[in-house]
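Colleague: I would like to go through this structure with you before I set anything up. Could you take my questions one by one?

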Amino acid sequence: MKTEQMVNHGLKTIRERHTCSHRVDELLRICTELGMDTSLPRNRKIGGKG
C-alpha cells in the first residue's frame with residue numbers, strides 16, 4: 001500500500017470510529033458486557049433534570 005493510500009485509509013478510519021456516537025455505542029457495549037442496565041428510565045430526559 002502506498003503512503004497516500006495508507007494516509008487516506010487512516011483518515012477514513014478515524015472519521016468513522018472517533019465520533020461521539022461511536023464512543024457512546026462502544027461504552028454501551030462494554031456496559032452490557034458487564035451486565036449493567038443501559039436503559040434510560042422513561043420519565044428521564046437526556047441532558048435535563050428529571
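Predicted model: local features only at pLDDT ≥ 70, side-chain atom pairs only at ≥ 80, totals over all residues.

Colleague: What share of the 50 residues is buried?

Modeller: Buried residues account for 2% of the 50 residues. The accessible surface of the protein is about 5,100 Å², and carbon and sulfur atoms contribute 57% of that area.

Colleague: Take helix 2, then. How far apart are its end C-alpha atoms, and what span should its residues give?

Modeller: Helix 2 runs over residues 20-33, which is 14 residues. At 1.5 Å a residue the helix should span 20 Å, and its end C-alpha atoms are 20 Å apart, so the two values agree.

Colleague: Which residue with a positive phi follows helix 2?

Modeller: That is Gly35, whose phi is near 85 degrees.

Colleague: On to charges. How many salt bridges does the count give?

Modeller: The count is 3 salt bridges. In general, side chains of opposite charge can pair when their charged atoms come close.

Colleague: Which residues are linked in a network of salt bridges?

Modeller: The network links Glu26, Arg29 and Glu33. Arg29 pairs with Glu26, with the closest N and O atoms 3.0 Å apart, and Arg29 also meets Glu33 in a salt bridge at 2.6 Å, N to O.

Colleague: How do Glu26, Arg29 and Glu33 count: buried, partly exposed or exposed?

Modeller: Glu26 counts as partly exposed because its relative accessibility is 29%, and Arg29 is likewise partly exposed at 39%. Glu33 is exposed, with a relative accessible area of 59%.

Colleague: Which side chain meets Glu16 in a salt bridge?

Modeller: Lys12 does, at 3.5 Å from N to O. Glu16 and Lys12 are 4 residues apart in helix 1, so about one helical turn separates them. Glu16 is partly exposed, at 47% relative accessible area.

Colleague: New topic: how many disulfides does the count come to?

Modeller: The count comes to 0 disulfides.

Colleague: Are Cys20 and Cys31 buried or exposed?

Modeller: Cys20 is exposed, with a relative accessible area of 67%. Cys31 counts as buried because its relative accessibility is 14%, and the cut-off for buried is under 20%.

Colleague: Last one. Which residues make the nonpolar surface patch?

Modeller: Val7, Leu11 and Ile14 make a nonpolar patch of about 240 Å². Ile14 belongs to helix 1, residues 3-17. Ile14 is partly exposed at 47% relative accessible area, and patch residues need over 30%, so Ile14 passes that cut-off.

Note on methods:
Residues numbered from 1 in each chain as written. Heavy atoms only, no water. Patch = residues over 30% accessible without salt bridge, like charges linked within 9 Å, V, L, I, M, F, W, Y side chains within 5 Å. Areas by Shrake-Rupley, 256 points an atom, 1.4 Å probe, with all protein chains shown as cover. Salt bridge = Lys/Arg side-chain N within 4 Å of Asp/Glu carboxyl O. Helix = DSSP H or I, 4+ residues; strand = E, 2+ residues; numbered from the N terminus. Buried < 20%, exposed > 50% of the residue type's maximum accessible area, 1.4 Å probe, protein only. Expected span 1.5 Å × (residues − 1). Disulfide = S-S within 2.5 Å.
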